[in-house]
Amino acid sequence: MAKSPKILFVDDDRDFLAAQTAFFGGRGYEVVTLDRVEGALERISQERPDIIVLDLMMEHYDSGFLLGRRIRQDPAMIDVPILMLSGVAAATGHKFGAEAAALKDWIKLDAFLDKPVTGRQLLKAVEEKLGERAQAAKAATATAAG
Amino acid sequence: MTSILVIDDEYGVRSGICQILQLEGYTVEVAATGREALDFLDKQAFDIALIDYQLPDLDGLTLLASMRSRKLATMTCMITAYANIDTAIAATRQGIDFFLPKPFSPDDLLGVIETLSRHKQLKEEAEKLRKENEASLLALATEKSQTSSLVASLRDAVLVINREREVVLANHAMSALLGREPTELVRAPVDDVLGAAHLSGLADLLSAQGDEERKLAELTIGDRIFFASVVAFHGEQGTALGRILTLADVTDMRRMAMEKPRFIRTMVHEFRSPLGAIRSLIEVATEKSLGADLAPYLPFLERADHRIDKMVELIGELLSLSRIDLERTANAADPPADISAAVAATMDLYQEKLAARRIAARLDIAPGLPRARIGDDDLKTVLSNLVGNAVKYGRDNGTLQLRAALRDDKLVIEVADSGIGIRAENLPQLFQEFFREKRAETRDIDGNGLGLAIVKRLVERAGGRIDVESTVGVGSIFRLSLCTV
């Protein structure tokens, strides 16, 4: 990859953000972290990340969903992969799972990961999504060229 | 054995009668005067008294009147040689049972005695029956009143209807539920009584179609949840006489059942978040994200260590909460709290933290306060939570005021800070486990949302209460109201 991919985290846990900065930084990523929902939208459109990781529960139980929805409404961000982290999904069983599926569809979330997630799990998901996106971009270029 | 008293002033007559009767096996006593007769009657009960109309001291009618006033069960027969219609009428008015004119034959006498003994027996049997009847009526009335008191006192609502679908019984709980007077309900058609829309669940349960022996259902009336049961009751021949509806209010049980998963869900979140952070912090080191040198990892490991400390603290507070719930009532052996001592101990504990933030503490403790009806340790826990919050959510160079005074027999303790305050919409949840206000100002303040939940439970189990007033940006006042000893 010519340019290092930019990953943006929105999470209210600063220890988690510090750790991800070190972890993904060590893997050659450019890491941007935001510790609050307030002002996040503006920062995201300035930063133009290649991938976004959102925590579901910040100020409110659905802060992550609402932010995800609004990111998608920005035409420039329409196909940026969004990974959602949640501390409650596993605990709440299938009911939340069904709701989550509907919401995932609503926001066009790319993946849902349960906290506590390991950096390696997260890295795997991130690389997968970035890979898919690169493939899609290549295909689009090929189509345009052809 | 029939006992007879013969009252006649003529010796020949009374001894003659006595002999005839004794020969027949009767027990006989004789009296020559009215006075003597009354003495006998006062001493023993006679089945029959034969009374001469003419006595030396008083006449037969007066004797009869005296006997009547004594309410004796003795049957009476007047014997007189001067029988005339006036005497007969007068004697009958005094309650004479028989009239035997002199002279009479032994057979006449024995016939009268036999008749009177039979009357006596019949009268006694009638009396016995009357008494038995009265006793069983009394028992019945007692049982009825016991049953209705029992039904009235039930916490469950009870409604009984007959075959004609009329209400025959409704207790207080039921009439309160239906919003009608119990007297208004009796004999009212049940379909009218349960006509309102919010009672349609009950109407369905008691609908005319259903003739099952027993029906059970859970239904909601207003904001309460009830467990309903309908049972048919039968007469001796097995014919259905009506149905009994009972409603048990299970709202609190249901709410508690719903509260538990909510609590666990929140608790899981409270564990997962720090675990997620700790794992990522450690992973930085295990993945060697910052190179081979150890030094850059230390801040990450120190943060992980700090987060583990916080989790240990959380576990400790969860245990405190469950211990308080288990104990329910305050330990009676705990010495009652001395407020000024508890305040002094708490202020000592926070001296350094207050100084570090340059928060000026002002104490205003009324002198000679009585002891509070709360365990000494419990009050210290309460105060240190409140003062701790005042420091955590206070502002540098701010103030902390601690006031204690006696108001209307209650010990009122106020902890007032000049801190960031609490949003009005968050006040109702403030004492709920794990609740923390998520605001820009609170994000850097450590806390697990259990402190105030513990405070509230400790205060309430001691029979006290806690209130809070707060204005965002101005500060909060926590007010404890405790009973005195």
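The predictor gives the complex an ipTM of 0.85 and a pTM of 0.63. For chain B, the average pLDDT is 88, and 98% of the residues score at least 70. Where pLDDT is low, the predicted coordinates should not be read in detail.

**Chain A at a glance**

- You'll find 5 helices and 5 strands in chain A, and along the sequence they follow the pattern β-α-β-α-β-α-β-α-β-α.
- Chain A has 146 residues, and 47% of them are buried.
- Take the contacts in chain A between residues at least 6 apart in sequence: 69% of these join residues at least 24 apart.

**A spot to look at in chain A: Ala125(A)**

- Ala125(A) sits in helix α5 of chain A.
- Its relative accessibility is 12%, so Ala125(A) counts as buried, the cut-off being under 20%.
- Setting aside residues up to four places away in sequence, Ala125(A) touches Leu83(A) and Leu113(A).
- Ala111(A) is 14 residues away from Ala125(A) in sequence, and the two are 7.8 Å apart in space, going from C-alpha to C-alpha.

**Where the two chains meet**

- On the chain A side, 30 residues are in contact with 23 residues of chain B.
- Together the two chains bury about 2300 Å², with 51% of that on carbon and sulfur atoms.
- The interface of chain A and chain B has 7 salt bridges and 12 residue pairs in polar contact, both residues being at pLDDT 80 or more.
- Three helices of chain A give two or more residues each to the side that touches chain B: α1 (14-26), α4 (89-107) and α5 (119-145).
- Of the chain A side, α1(A) supplies the largest share, with 9 residues.

**Strand β6 of chain B**

- Strand β6 covers residues 157-162 of chain B, and 6 of its 6 residues are buried.
- In a regular strand the side chains alternate between the two faces of the sheet.
- On one side of β6(B) are Ala157(B), Leu159(B) and Ile161(B), while Val158(B), Val160(B) and Asn162(B) are on the other, and both faces are covered.

**The partners of β6(B)**

- One partner is strand β10 (residues 240-249) of chain B, which runs antiparallel to β6(B) and is joined to it by 6 bridges.
- In that pairing, Leu159(B) stands opposite Leu245(B) of β10(B).
- Strand β7 (residues 167-170) of chain B also pairs with β6(B) in the antiparallel sense, this time over 3 bridges.
- Here Ile161(B) has Val167(B) of β7(B) opposite.
- β6(B) and β7(B) form a hairpin with 4 residues between the strands, and in this hairpin Arg165(B) takes a positive phi near 60 degrees.

**A spot to look at in chain B: Asn385(B)**

- Asn385(B) belongs to helix α13 (residues 376-392) of chain B.
- With 16% relative accessibility, and the cut-off again under 20%, Asn385(B) counts as buried.
- Beyond its neighbours within four places in sequence, Asn385(B) is in contact with Gly451(B) and Val455(B).

Terms used:
Residues are numbered from 1 along each chain as its sequence is written. Chains are lettered from A and ligands numbered from 1 in the order in which they are written. Side-chain values use heavy atoms; hydrogens and water are left out. Buried means under 20% relative accessible area, exposed over 50%, partly exposed in between (1.4 Å probe, protein chains only). Two strands pair if DSSP finds at least two bridges between them. pLDDT is the predictor's confidence in each residue, from 0 to 100. Contact means heavy atoms within 4.5 Å. Buried area is the accessible area (1.4 Å probe) that two parts lose on being put together, summed over both. A salt bridge is a side-chain nitrogen of Lys or Arg within 4 Å of a carboxyl oxygen of Asp or Glu. A polar contact is a pair of N or O atoms within 3.5 Å; within protein, one must be able to donate a hydrogen and the other to accept it, and residues adjacent in sequence count only if both atoms are side-chain atoms.
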